[in-house]
Amino acid sequence: MEGTPATVAGRPPLAGTFASPLVSRYLLRLLGRPLLATLMVVLPALLLERLLRLFDLVASSNGAIAPVIQLLVFLTPHYIGLALPAAFFISVFTVITRLSENHELDALQSSGLSLARLARPFLLVGVLLALAGIVIYGYLQPLGRYSYRAAFYAVTHAGWNATVGAGEFIRIGKNLAVSADVVDPRTGQLGGIFIEQKRPDGTQVTTTARTGWLTRQPAEGTLLLQLEAGRQISISPQGEVTTLQFGDSAITRPFSMTIDPFRFRGNDEREMTLGELWAATRRDGPPGPGEPDVPRRRLEGELNGRLVRSFSMALLPLLAIPMGLGAKRTRRWQGVALSAVILVIYHHAVQLAESLGDIGLINPAPALWGIFGLFALFSLMAFRHANRNPYEGPFDAVLQRLESMTSALGAWLPRRRPRASATERPVASSPGQSRP
């Protein structure tokens with residue numbers, strides 16, 4: 001028919017108005033699954049490591065266990081800031097690798113969608129994560145860090161309730177430690193008491209007693225330790241030793257269940273929010289009353305370091321996409337390893353610039369943004385090469401080199417011989433019977 005070619009010629013291409021949003025939603029759906037899965041794996045692993053350390057520290061200081069969960073909540077923004085960039089990069093890398101291995105990426109590009117167009121959903125997510133990074137690095141992390149330190153101070157300083165556990169050493173103040181072998185929970189009587197005390201003149205006093213009681217006197221604000229049938233050994237700084245036996249004795253020490261309030265927030269630049277850092281760096285003259293006395297170079301390094309870390313998440317797709325394309329032609333773990341090396345070098349370069357700025361060797365602001373500019377240029381060049389040469393990735397030579405190195409290393413390693421199956425084992429022949 002004469003109208004058929006005109007109809008086909010006038011049909012909108014696949015990369016037009018209708019197909020483009022559909023493909024973007026498809027790519028975002030593919031991205032969301034590994035992103036959430038990686039966060040669900042990495043974040044609990046990081047928190048579990050800190051949880052074990054907190055349990056060990058709180059238990060050794062006789063603190064309560066319940067506030068440990070609160071401490072983990074305050075630490076969550078810190079670990080989210082560590083896990084989110086890694087999870088986002090791995091997710092983009094995984095999606096691109098899967099699309100390449102299943103030839104979906106070739107089909108999309110052959111339909112008219114360029115790699116730059118396919119990267120738009122990932123770049124949009126990167127920009128949103130960069131804005132989220134400003135909130136996380138700029139506000140949630142400093143406030144969470146101060147809250148964690150305040151809660152940790154309260155746990156470690158207010159955990160003891162004037163009770164002694166059997167076989168435990170309890171330190172009362174700086175110069176007195178008490179231990180008891182037996183503790184009666186009903187009467188509070190102690191048995192097998194051991195006391196180590198250091199007097200202001202340096203004399204070391206060791207006291208043992210058969211029985212005793214440790215009671216709290218709230219009206220006087222003191223602890224009273226009564227001892228019966230004991231012995232005391234004193235060693236002076238000059239080495240003189242004296243011994244004393246007693247029937248009854250008492251030791252009093254000041255005691256209070258209340259603790260001194262924790263310091264105000266802002267003595268550490270890492271506890272200051274992004275707005276407070278900006279105001280402090282724009283301040284002329286010395287700090288006023290109540291303002292933190294932190295050197296300007298440290299404030300500038302902290303401010304620019306947080307902004308650099310936040311904006312870096314918007315660049316991760318530009319590096320993850322070429323890496324994912326290169327991993328199609330080699331083993332996937334080699335692309336992951338090369339990506340990890342690049343990101344670790346970038347992360348430590350940012351940390352080094354901040355540290356050198358803190359001690360005054362360099363100006364931190366231009367150094368940090370210079371490192372960010374080099375990373376952005378490197379990522380843009382890698383993505384531009386992958387966009388123009390879809391069948392020759394920018395990292396193919398490096399990945400092929402890694403492939404040859406691992407193959408050569410594998411050839412030198414001893415290999416296990418496969419076990420012979422039952423059908424392959426030789427059968428012993430009986431006398432007078434020849435083997436086949």
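Eight salt bridges turn up when the whole structure is searched. This is a predicted model, so please read the values below as computed from predicted coordinates.

- Helix α8 covers residues 296-312 and holds both Arg306 and Glu302.
- Those two residues sit four apart, about one turn of the helix, and their side chains meet in a salt bridge with an N to O distance of 3.0 Å.
- Are the partners of this bridge buried or exposed? Arg306 counts as buried because its relative accessibility is 5%, and Glu302 is buried too, with a relative accessible area of 15%.
- Arg309 pairs with Glu354 in another salt bridge, where the closest N and O atoms are 3.0 Å apart.
- Glu354 belongs to helix α10 (residues 332-358) and Arg309 to helix α8, so this pair ties together parts that are 45 residues apart in sequence.
- The relative accessible area of Glu354 is 12%, which means that Glu354 is buried, while Arg309, with 23%, is partly exposed.

**A network of salt bridges**

- Which residues are linked in a network of salt bridges? The members are Arg149, Arg263, Asp268, Arg270 and Glu271.
- Within this group, the side chains of Asp268 and Arg270 form a salt bridge, with N and O 3.3 Å apart.
- Asp268 has 12% relative accessibility and therefore counts as buried.
- Arg270 has 36% relative accessibility, so Arg270 counts as partly exposed.

- Glu269 is placed in the loop between β6 (241-254) and α7 (274-281).
- With 6% relative accessibility, under the 20% limit, Glu269 counts as buried.
- The side chain of Glu269 makes a polar contact of 2.9 Å with the side chain of Arg298.
- Gln232 is part of strand β5, which covers residues 222-235.
- What is the relative accessibility of Gln232? The value is 16%, so Gln232 counts as buried.
- The side chains of Gln232 and Thr207 are joined by a polar contact of 3.2 Å.

**Surface patches**

- On the surface, Arg25, Arg29, Arg33 and Arg98 gather in a patch of positive charge.
- Which helix gives the most to the positive patch? Helix α2 (residues 19-60) does, with three residues.
- Arg33 is found in helix α2, and its relative accessibility of 57% is why Arg33 counts as exposed.
- Leu124, Val127, Leu128 and Leu131 make a surface patch of another kind, a nonpolar one of about 380 Å².
- Of these residues, Leu128 has its place in helix α6, which runs over residues 120-157.

**To keep in mind while you look at the model**

- For the surface, show the positive patch with Arg25, Arg29, Arg33 and Arg98 and the nonpolar patch with Leu124, Val127, Leu128 and Leu131.

Terms used: Residues numbered from 1 in each chain as written. Predicted model: local features only at pLDDT ≥ 70, side-chain atom pairs only at ≥ 80, totals over all residues. Heavy atoms only, no water. Patch = residues over 30% accessible without salt bridge, like charges linked within 9 Å, V, L, I, M, F, W, Y side chains within 5 Å. Areas by Shrake-Rupley, 256 points an atom, 1.4 Å probe, with all protein chains shown as cover. Salt bridge = Lys/Arg side-chain N within 4 Å of Asp/Glu carboxyl O. Lys, Arg positive; Asp, Glu negative; His and termini not counted. Charge placed at Lys NZ, Arg CZ, Asp CG, Glu CD. Buried < 20%, exposed > 50% of the residue type's maximum accessible area, 1.4 Å probe, protein only. Polar contact = N/O pair within 3.5 Å; in protein donor to acceptor, adjacent residues only side chain to side chain.
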